[in-house]
Structure formats: structure tokens, C-alpha cells
Amino acid sequence: MLGLVTGDLLTIEPMTEAEIEATLAIDLASFHPSDLGADRDDPRAAREKSLREELARSWARIRIARGPAGDVLGYILFWHVADELHLLNVAVAPAARRRGIGRALVDELLVYARTHAAVKVLLEVRASNADAIRLYERLGFTQFNVRKAYYSDGEDGVEMMLELDAAQT
Ligand SMILES: CC(C)(COP(=O)(O)OP(=O)(O)OC[C@H]1O[C@@H](n2cnc3c(N)ncnc32)[C@H](O)[C@@H]1OP(=O)(O)O)[C@@H](O)C(=O)NCCC(=O)NCCS
């Protein structure tokens, strides 16, 4: 259990098939249409398929955050590849933002990183996503590269990294 800034209680746990619908709803409310497979006929179905693929990947980790009433308020998806973690998605339901849930989810990844002796965490974020960039920077990530026109709509991708101090693992 984690104490939120509001004093609410949050639990963070591995995602299962039972949370696909709730996670999908957060995805659809949170991500840019082109990141949800809008180029395909049915972005919702495309996103559901990709979530199910992530659940089946042995190197993917998905954690959900539940509020005090048991509802899913956010999730984080990352890959554990060798001694690196790749943060692919973190999203919080719009009505639950700015209450520390995003930070708690990334903190959970950092605990995972330290307990699994990962040496760095990498991620890519849209250059316009100031909220996410600020969240990552507050947790110690730094920007190290900009990939021009990385996203399908032409937006640049900012690459960020957090190197973990071996002494803390
Ligand atoms: C990015 C996101 C996950 C943050 O979740 P959140 O629960 O609102 O974040 P938190 O309440 O934990 O905030 C943590 C820090 O992030 C930064 N932050 C988050 N939202 C912010 C906003 N609207 N404006 C400015 N800073 C913001 C702040 O530094 C904040 O710390 P502070 O409140 O002490 O200043 C959420 O805005 C979201 O789901 N966005 C859509 C999906 C997305 O873009 N994900 C990231 C790319 S994968």
C-alpha cells in the first residue's frame, strides 16, 4: 500500500486479463490517436490486441494501480531486457491525475529495477508531452537524444534515461 498525496490508499499489482477492459479505457482516454493504431480500421481492437500480446510476453511487466474502491486508476508497462528496463507506457485515468498515481507507478518500476539489478531505465516520449517529461525529470531521468519525426504524425521523440547507482541495487 502506498500513501498518496491526498491520503488515499493505492495498491499496485501485476495486471491480469481481468483488468484489460479497465486498462483499455485508460489507454483510449490518454493516448494520441496515432499511438493507438488509428491507422487501422478499429483502434480499440488494435489496442486490445497489443495489450494481450504484452500480457503474453515473458519480458513484459504490466502493473496496475487500484484506488481504495478497487477501481483501476492507472497502469505502467515496461520491458525487462537483459539489465535494462524500457518504460513503454504509463497512464492515469484523466479524473485521477495530479494525485501522485503516475509517480507511484514509476516509483514501482524503480523498485523493480533495483531489486532486479537493472543498470538503466530507458524511455521515449513525445516532445510535446510536458506533463510526462516533468514527471520523469522529477524522478531523476535526463534527456539524452531527440529522434526527429519519430512518431507517425511527424512529432519528435525525446529519449530519456535513468542510470541506477549500482550501490543502491
Ligand atoms: C503523465 C501522467 C502519467 C502523469 O500522471 P499523474 O498521476 O497525473 O502524475 P502525478 O500526479 O504522479 O504527478 C507527478 C509529477 O508529474 C508532473 N506532472 C504530472 N502532471 C502534470 C501537469 N498536468 N502539469 C505539470 N506537471 C505535471 C509533476 O512534476 C508532478 O509532480 P508534482 O505534482 O509534485 O509537481 C498522466 O498525465 C497521463 O496519464 N498522461 C497521459 C498518458 C501519457 O502521456 N503518458 C506518458 C507517456 S507514455
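Predicted model: local features only at pLDDT ≥ 70, side-chain atom pairs only at ≥ 80, totals over all residues.
**Entry 1: the shell around the ligand.** I looked up which residues surround the ligand. There are 20 of them, and Val90, Gly102, Arg103, Asn129 and Arg138 come nearest. I then sorted the shell by residue type. I found eight nonpolar, five polar and seven charged residues.

**Entry 2: where the shell comes from.** I checked the helices and strands next. Strand 5 (84-92), helix 3 (101-115) and helix 4 (130-138) each supply at least two shell residues. Helix 4 gives the most, with six residues.

Entry 3: A nitrogen atom of the ligand lies 2.7 Å from a backbone N or O atom of Val90. For Arg98, a backbone N or O atom is 2.8 Å from a ligand oxygen atom. Arg97 uses its side chain: an N or O atom there is 3.3 Å from an oxygen atom of the ligand. I also looked up the cover. On its own the ligand has 910 Å² of accessible area, and the protein covers 83% of that.

**Entry 4: Arg126.** I turned to strand 6 (residues 120-126), where Arg126 is found. Is Arg126 buried or exposed? Its relative accessible area is 8%, under the 20% cut-off, so I noted Arg126 as buried. Which side chain does the side chain of Arg126 meet in a polar contact? I found Glu155, at 2.7 Å. Beyond its neighbours within four places in sequence, Arg126 is in contact with several residues, among them His32, Ser34, Asp35, Ile133 and Tyr151. Asp153, Glu155 and Asp156 are also in contact with Arg126.

Definitions and conventions
Residues numbered from 1 in each chain as written. Heavy atoms only, no water. Near = heavy atom within 4 Å. Polar contact = N/O pair within 3.5 Å; in protein donor to acceptor, adjacent residues only side chain to side chain. Areas by Shrake-Rupley, 256 points an atom, 1.4 Å probe, with all protein chains shown as cover. Helix = DSSP H or I, 4+ residues; strand = E, 2+ residues; numbered from the N terminus. Nonpolar A, V, L, I, M, F, W, Y, C, P; charged D, E, K, R; others polar. Buried < 20%, exposed > 50% of the residue type's maximum accessible area, 1.4 Å probe, protein only. Contact = heavy atoms within 4.5 Å.
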